[in-house]
Amino acid sequence: MSQRPVCYGARRLNPFRGMLQVVELGDARALSLDGVRWEIQVLCAQPEHTWRSENRREPVMRFFRFGTWSREAGLRRVPVSPILDLDLLLSASSALTGVLPECLDGLPFPPADPHELWLLDAAGLPFSLIASTTRPPFGARIRPAPWAATARSDHSFQSPGLLERGIPARKGDDPRHHASRLERLVRDTAGHPTRLGWFERGADGGDSAAESEGKGGEGVPTTLAAEDFPSLLLREDWPEPPDRELVRDYLDWCAPYLLTLPGLSDAQRDRFEHAAKGRALEADALYRLYPKILNPGLLKAIRVEARVRRTATA
């Protein structure tokens, strides 16, 4: 009986950049950020130094990049080490690319990363998602990098609220001053040392089993209700109005990525479809992964704007 591909989505976190699409078949997997271009990887034994033949340890298995695939261009291989098992690479990648076209009809794939690592506030409640996994991580001492609003090289986030109050987007040697302010808010709320908690979320968002992780994780409730978790991966209800404004501006800036989440309410989806007008290129790249579109005419206009902007800079 032949294997069937396993298709699922996983959140790209810290910083959040939408849903990664994954197709697994045997020893091969395909990864895509947009549902169009796929990176093909094959699980192989890590090459050892050939002169160390006396080494009897079990081989270390890891995924190696074998090429890229798209429906239009097919498979384009990349150079690989001659020490790798080329027959395995060819057979596994061929089997995977053979089923990929039929898998595309199911995009976007359902999420399969219910194990979540949250930053906790002083009351022990989750307020910012920092990592998620497809497999139970409990017992593993994971030390995530500090929460990031954007990549260090991305200077594009500007809060309209901060600009109106005369706070520049660039300050001194910091070209991402608004992102830095948000990161400082999140870091201070999580405490020193950082309070963290692992949670296994139910598919319906219901009660969630929890386990503390890392320093400061003591006192995490054993269960939390769905309403105890921010629906947008970062809490919006902050005590100080400037903080609420900054977080709202940031989430609106994240609109093209947030629209890939399947659990948004219609009100949230409508909000972010309109907010995505300010980031047409990103929305045009990701629209195939939106599980629901409330304003198709608006999204069409956003995509037209993206094409015009790409043409103007070509």
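The talk below takes the labels one by one.

Guide: This is a predicted model, so local features need pLDDT of at least 70 and side-chain atom pairs count only at pLDDT 80 or more, while totals for chains, interfaces and linings use all residues. Residues are numbered from 1 along each chain as its sequence is written, and side-chain values use heavy atoms, with hydrogens and water left out.

Visitor: What is the average pLDDT of the protein chain?
Guide: The chain averages 89, where pLDDT is the predictor's confidence in each residue, from 0 to 100. At least 70 is reached by 88% of the residues. Residues 212–218 stay under 50.

Visitor: Why are β4 and β5 called paired strands?
Guide: Strands pair if DSSP finds at least two bridges between them. β4 (residues 38–45) and β5 (residues 61–70) have 8 bridges, in the antiparallel sense, so they meet the rule. In one of these strands, β5, Thr68 stands opposite Glu39. The names come from DSSP runs: strands (E) have at least two residues, helices (H or I) at least four, numbered from the N terminus.

Visitor: How many bridges join β5 to β6?
Guide: There are 4, and the strands run antiparallel. Here Thr68 stands opposite Arg76 in β6. A hairpin of 3 residues links β5 to β6.

Visitor: What makes β1 and β6 edge strands?
Guide: The open sheet has 6 strands in the order β1-β2-β3-β4-β5-β6, paired antiparallel. β1 (6–11) and β6 each have a single partner strand, so one side of each lacks a neighbour in the sheet. From one strand to the next, the twist averages 30°. For angles, axes are lines fitted to C-alpha atoms (for helices over the stretch in contact), and values run from 0 to 180 degrees between N-to-C directions.

Visitor: How do you know that helix α1 packs on the sheet?
Guide: Contact means heavy atoms within 4.5 Å. Helix α1 (residues 86–103) touches β1, β2, β3 (28–32), β4, β5 and β6. Its direction makes about 145° with that of β4.

Visitor: Why is one space a cavity and another a pocket?
Guide: On a 1 Å grid over the protein atoms alone, a cavity is a set of points where a 1.4 Å probe fits but cannot get out. A pocket is an open set with protein on both sides within 12 Å along at least five of seven lines. Lining residues have an atom within 4 Å of a point. Grid points are joined across faces, edges and corners, and a volume is the space filled by probe spheres set on the points.

Visitor: What is the volume of the largest cavity, and which residues are closest to its centre?
Guide: The volume is about 120 Å³. Of its 15 lining residues, Phe16, Leu129, Trp147, Leu233 and Tyr250 are closest to the centre. By class, the lining has 13 nonpolar, 2 polar and no charged residues. Nonpolar covers Ala, Val, Leu, Ile, Met, Phe, Trp, Tyr, Cys and Pro; charged covers Asp, Glu, Lys and Arg; the others, Gly among them, are polar.

Visitor: How does the lining of the second largest pocket divide by class?
Guide: It has 10 nonpolar, 5 polar and 5 charged residues. The pocket volume is about 350 Å³. Helix α3 (residues 177–190) gives the largest share of the lining, 6 residues.

Visitor: What is the omega of the peptide bond from Asn14 to Pro15?
Guide: Omega is near 0°, and the bond is cis. Most peptide bonds are trans. Pro15 lies in the loop between β1 and β2.
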